[in-house]
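Student: Could you take me through this model feature by feature, giving me the general idea before the particular case?

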Amino acid sequence: MARTTVYVCAECGFKSAQWRGQCAGCESWNTLVEERLRPPSGEARRARPGVRAARKGWLGGSPAGSRPAGRVLALSEVGACAPQRMSTGIGELDRVLGGGLVPGSLVLLGGSPGIGKSTLTNMVLARLQRSGRRTLYVSGEESAQQVRLRAERLLLDDGSGTESARHALEVPVLAETDLDTVLEALAAETPDVCVVDSVQTLAAEELGGAAGSVGQVREVAARLMELAKRQDTAVVLVGHVTKEGALAGPRVLEHMVDCVLQFEGERERPYRELRALKNRFGSTNEAGLFEMRQGGLVEVLDASARFVAEATSAPGSVVLAAMEGSRPLLVEVQALVAPSELEHPRRVVSGLDRNRLALVLAILARHGGVRTGTADVFVNVVGGVRLEEPGCDLAVAIAVASAAGGIAPPHHPLACFGELGLTGELRWVGHPERRLQEAARHGLAEVIAPPGSGAGAREVATLREALAQALPRERPGDGAAPRTSGARLAA
Ligand code: TYD
Ligand code: MG
């Protein structure tokens, strides 16, 4: 039988008829990936997103089909044409997408198992179906019965009445793992939006690798993309993230797809955050916040109010006036400092970058007189929110100093923001006015902020001054050993 697949090195492109551990071309290990040999005709030629986008008229005002292929155009000759977006009916998701789903686009939705990817995509399809769009849900993981059970469960608490319940149960479902069968159904149904849950469960028969292998995942995505672009279907590929936090398998798709969304949060807690890691049709700064409830995911529209109300007045707690993309958000940062029995004390963070904590602890020790070298330090951003901005430094520093000294800020809840420089100075961060407005809106009168933040802020120039303002009763002195709050954690 004629060979239909070949092993290609992901590093150098070397081709081999058999799989080998080491590439004979560049000597890299474990880089050979099985790929389908492409037939010479145009039928199975891979879609080239840029070219196809232009042909679809996303990039060009004139019918691109009338242009000879390969003609170079000045940008001014290219008519502006904003992509038509489909609202998903879920405001937080629309915002992260940049205004809704773009027809013919490929979206990768990643997240760890159990985080709520199927719930979210089911809700989206039900709402799209309700608004008169054609949808298709391809489930490689669950049976059609299981999907129906979830849909019914989602409807119980939806409160949107029997009419919408009828629409939700009208979403066409295909429980299938064979790629060719899925492609046939997609071509027959020509939906506006198709969800493939998950990309790791589909497999192309002609490739030998198991479903979920790098070669299979790439092949599945490439062929779905080709068809989706041709018939203008927006495809959402659901992908599982490994324990290490990488989109294993799906990571290899990041360059192919138009948009990569990451759904995260802690399984034990109800808050879920949706972020765009890549977006060809919008910004990657936006984040959407949801809460997992009995009846599905609910958008958290005023997260600040909720987090401020939940903030404790105990030592180690401070409110950060953060920016989540274009939106201000007040979140509580908590710290615990406890004597360590370990040679290398623990540094545990949740919702923050670990290296950032190491930096803040070093600055605290050198410029704030708060030494934590012999203590375990735990820092948590409450609510499962992940902070990725330098403006969180000051909140972490104050929370740790407060926990180490066992002193609560007298003005509760105390809000702050600002980046720490290596010389202990407090640096300006973006959008101070919006952060201050948000704090004022939620009744936080006391906001410690860097110089230049404007009216309403208690401006301070250095970490030392900030600590003196935040924890005035007992300003930590140079060289003072940390007093701990006495809490001991079980090892
Ligand atoms: P699911 O969407 O299946 O996760 P994923 O597809 O990312 O693996 O949902 C995971 C969890 O959410 C599941 O353990 C139960 C919970 N859940 C609710 O709390 N409420 C609900 O309405 C639904 C549908 C699920
Ligand atoms: Mg699922």
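Student: Which polar backbone atom is 3.3 Å from an oxygen atom of ligand 1?

Tutor: A polar contact is a pair of N or O atoms within 3.5 Å; within protein, one must be able to donate a hydrogen and the other to accept it, and residues adjacent in sequence count only if both atoms are side-chain atoms. Here a polar backbone atom of Ile115 is 3.3 Å from an oxygen atom of ligand 1, a backbone N or O atom of Gly116 is 3.0 Å from an oxygen atom of the ligand, and a polar side-chain atom of Ser118 is 2.6 Å from a ligand oxygen atom. Keep in mind that this is a predicted model, in which local features need pLDDT of at least 70 and side-chain atom pairs count only at pLDDT 80 or more, while totals for chains, interfaces and linings use all residues. Residues are numbered from 1 along each chain as its sequence is written, chains are lettered from A and ligands numbered from 1 in the order in which they are written, and side-chain values use heavy atoms, with hydrogens and water left out.

Student: How much of ligand 1 does the protein bury?

Tutor: Accessible areas come from the Shrake-Rupley method with a 1.4 Å probe, and for residues only the protein chains shown count as cover. Taken alone, ligand 1 exposes 550 Å², of which the protein buries 76%.

Student: What classes of residue make up the shell around ligand 1?

Tutor: Ala, Val, Leu, Ile, Met, Phe, Trp, Tyr, Cys and Pro count as nonpolar, Asp, Glu, Lys and Arg as charged, and the others, Gly among them, as polar. By that scheme the shell has four nonpolar, eight polar and four charged residues.

Student: How many aromatic pairs does a search of the whole structure find?

Tutor: Rings of Phe, Tyr and Trp (its six-membered ring) pair if their centres lie within 6.5 Å; planes under 30 degrees apart count as stacked, over 60 as edge-to-face and the rest as tilted. The search finds two pairs. The rings of Phe263 and Phe290 have centres 6.0 Å apart and planes at 80 degrees, so this pair is edge-to-face.

Student: Are Phe263 and Phe290 buried or exposed?

Tutor: Buried means under 20% relative accessible area, exposed over 50%, and partly exposed in between (1.4 Å probe, protein chains only). Phe263 counts as buried at 1% relative accessibility, and Phe290 counts as buried at 1%. In the other pair, the rings of Tyr271 and Phe307 have centres 5.3 Å apart and planes at 70 degrees, so that pair is edge-to-face; Tyr271 and Phe307 are both buried.
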